[in-house]
Structure formats: C-alpha cells, structure tokens
Amino acid sequence: MLLDTLTKGFRKTVIAGNWKMNKTPSEAKALLEEIIPLVKDASCEVVACVPYVDLATALEVTQGTNIKIGAENCHWAESGAFTGEISAGMLKEIGVEYVVIGHSERRQYFGETDETVNKRVKAALAAGLKPIVCVGELLWERECDITTEVISRQLKLDLWGVTAEEMKNVVIAYEPVWAIGTGKTATAEQAEEVCEFIRMCLKAKYGLEIASGVTIQYGGSMNDANAAELLMKSNVDGGLIGGASLVAEKFAAIVDAAKPAEY
Ligand code: PEP
C-alpha cells in the first residue's frame, strides 16, 4: 500500500519490552542499567513494561534517559474493593506512561475477555496512560482461515467507545498467539498482512488520518535476528518483545533494527 509506505516515516516506532513475571527489583535495576547506554541513541520510542513491584525502581533508574516505563496490566475501576488489583490512576501518579492491555497470557490464564479489555483500555486512556492493546489469533483460528474475522472482532470490541482523539494515544500490538514464547515467528509477510488489515479496520472506523497515525507493533518471538525484516514492512511500526527483552544486547539490537531505512 503506497500510502502506508509514505506515512510509515511519520508514525512513532515503538519498541517495547514485556518482561512478564520476570526480574525482582534488584534484577530489574541491573538489567535497565545494562540497557540504558545501549539504547541511548535510539531513533524510536523505547519502553520497558515491567512487573508492578519493579515499577518504582524502573522509574528511578531510567529517570533522565530515553526509556519509558510501562505496566503489564491495570484494573478498570478508579478504586474500590478489588483486592490485589492496581488502578490506571495509581500507575499514572507514579510516572508510568504505557500499559499493556489484553495480552494473550491474560486472556488465556486469567479470564480476560474483550469486554474487560475494553474496560481497561478506557480506564487507561481516562487516566492519561497509553495502552498497548494486544490482539491476535490462535493457531487453530489461523488454520481455520478466520484470522481476519478474529482480529476484526477483537478490534471492534476492545476499542468500543474509544474516540478518534483517544486513538492518538493507543498502540495496537498484533501478537499471533501461536508465535508468543514459542520461537515460531510469523513471517514478515504474515505480520505485514495482518498489520495492514488492522490499519484498514482502523480506517473504516476512524478515517484515514487517524488510522495512518496509529502505531501497530508486531509481537511473537521477535528477536535480534528477525527484527530488521519485520520492522521493514510498511505497516509494522515496532515490536512488543517478550523473551528477547530480558537480554540487554538482544533488546538493544532490536531497537537498533528499528532505525529508519536511508533512501
Ligand atoms: C510477548 O510477551 O508479548 C511476546 C511477544 O513474547 P515473546 O517475544 O517471548 O514471544
């Protein structure tokens, strides 16, 4: 799509690590101290989404650097009787900027549904956070050739009631579930095909201008070896990185691969 090739350069490229349930606060400090000098000249937005208990340390260690900090989830209520949960406002107040919402592991293991994803997305936006909204098909759904139906449904439900203005603060992460933590990466063509489809869905709902500006990441076993090929695609504007974000050199190499091509 020629238009996307032209507009790619104007979109924000976001490389975000999703640390999942890894690293204690002291380990988080050590990893970030390794990452900081390696990504200081990044041409893209660099984000580390870390466990709740690591957030304070991560914010302190990255102060004054180009690394932004994200959480891995938030609750939809502002406050109340939700033992063990964390609100978007709590995250915002300590300086968190991004939050991962609807990751497939939360959908798979913690009963997350498109309805709760939608509520969390709206709460995050209301609090001034930037949600990274994860969508993606199961292997079975891809084999049944319903990937686009699945993605279209998730986008409709997860973004229900989200305004065009709010979309300027939303990042979409296309994460085929079969590629997460499995070592199986979608080919660059498969990633581009679905990311382009996502942009078409956004265009249908929000119009060309908004859709052209939304950052769409690919996630699923992205690593230092395959990042460049994936990030070269017109509609792949970054990556959500699990395993490889826990190794400073690998994460930094992915950030490096996000440098715009020179023409
Ligand atoms: C993720 O956790 O979002 C992810 C893509 O993990 P991995 O890179 O390990 O597949």
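**Entry 1: a serine in a loop**

I began with Ser221, which is found in the loop between β7 (215–219) and α12 (227–231). For my notes, helices (H or I, at least four residues) and strands (E, at least two) are DSSP runs, numbered from the N terminus. I am working with a predicted model, where local features need pLDDT of at least 70 and side-chain atom pairs count only at pLDDT 80 or more, while totals for chains, interfaces and linings use all residues. Residues are numbered from 1 along each chain as its sequence is written, and side-chain values use heavy atoms, with hydrogens and water left out.

Ser221 is not a glycine, and still I found a positive phi of about 55° there. Is Ser221 buried or exposed? With a relative accessible area of 18%, Ser221 is buried. I wrote down the cut-offs: buried means under 20% relative accessible area, exposed over 50%, and partly exposed in between (1.4 Å probe, protein chains only).

Next I looked at Asp145, in the loop between α7 (139–143) and α8. Asp145 also is not a glycine, and its phi is positive at about 60°. Asp145 counts as exposed because its relative accessibility is 65%.

**Entry 2: the ligand**

Which residues are closest to the ligand? They are Lys20, Glu175, Gly181, Ser221 and Gly242, out of 14 residues that surround the ligand. A residue is near a molecule or strand if one of its heavy atoms lies within 4 Å of it.

I then noted some atom pairs. A polar side-chain atom of Lys20 is 2.8 Å from an oxygen atom of the ligand. From the side chain of Glu175, an N or O atom lies 2.7 Å from a ligand oxygen atom. Gly181 uses its backbone: an N or O atom there is 2.6 Å from an oxygen atom of the ligand. On its own the ligand has 290 Å² of accessible area, and the protein covers 95% of this. Such areas come from the Shrake-Rupley method with a 1.4 Å probe; for residues, only the protein chains shown count as cover.

I sorted the shell by class too, and got four nonpolar, eight polar and two charged residues. Here Ala, Val, Leu, Ile, Met, Phe, Trp, Tyr, Cys and Pro count as nonpolar, Asp, Glu, Lys and Arg as charged, and the others, Gly among them, as polar.

**Entry 3: an isoleucine between β6 and α10**

Ile180 lies in the loop between β6 (171–174) and α10 (188–206). Its relative accessibility is 13%, so Ile180 counts as buried. Setting aside neighbours within four places in sequence, I found Ile180 in contact with Lys20, His103, Ser104, Glu105, Glu175 and Gly220. Contact means heavy atoms within 4.5 Å.

**Entry 4: helix α6**

How many residues does helix α6 have? It has 14, residues 114–127, and reaches 20 Å from its first C-alpha to its last, close to the 20 Å expected at 1.5 Å a residue. The expected span of a helix is 1.5 Å times one less than its number of residues.

Among the buried residues of α6 are Asp114, Val117, Val121 and Leu125. I remembered that an α-helix has 3.6 residues a turn, so residues three or four places apart point the same way. The cover over the buried residues of α6 includes β4 (98–101), α5 (104–109), β5 (130–135) and α8 (147–158). Just after α6, Gly128 takes a positive phi of about 90°.

**Entry 5: an arginine with two polar contacts**

Arg107 lies in helix α5. Its side chain makes a polar contact of 2.7 Å with the side chain of Asp114, and another, at 2.8 Å, with that of Asp158. A polar contact is a pair of N or O atoms within 3.5 Å; within protein, one must be able to donate a hydrogen and the other to accept it, and residues adjacent in sequence count only if both atoms are side-chain atoms. Not counting residues up to four places away in sequence, the residues that Arg107 touches include Val117, Cys134 and Gln154.

**Entry 6: one from α8**

Last, I turned to Glu149 in helix α8. Glu149 is partly exposed, with a relative accessible area of 48%. A polar contact of 3.3 Å joins its side chain to that of Thr148.
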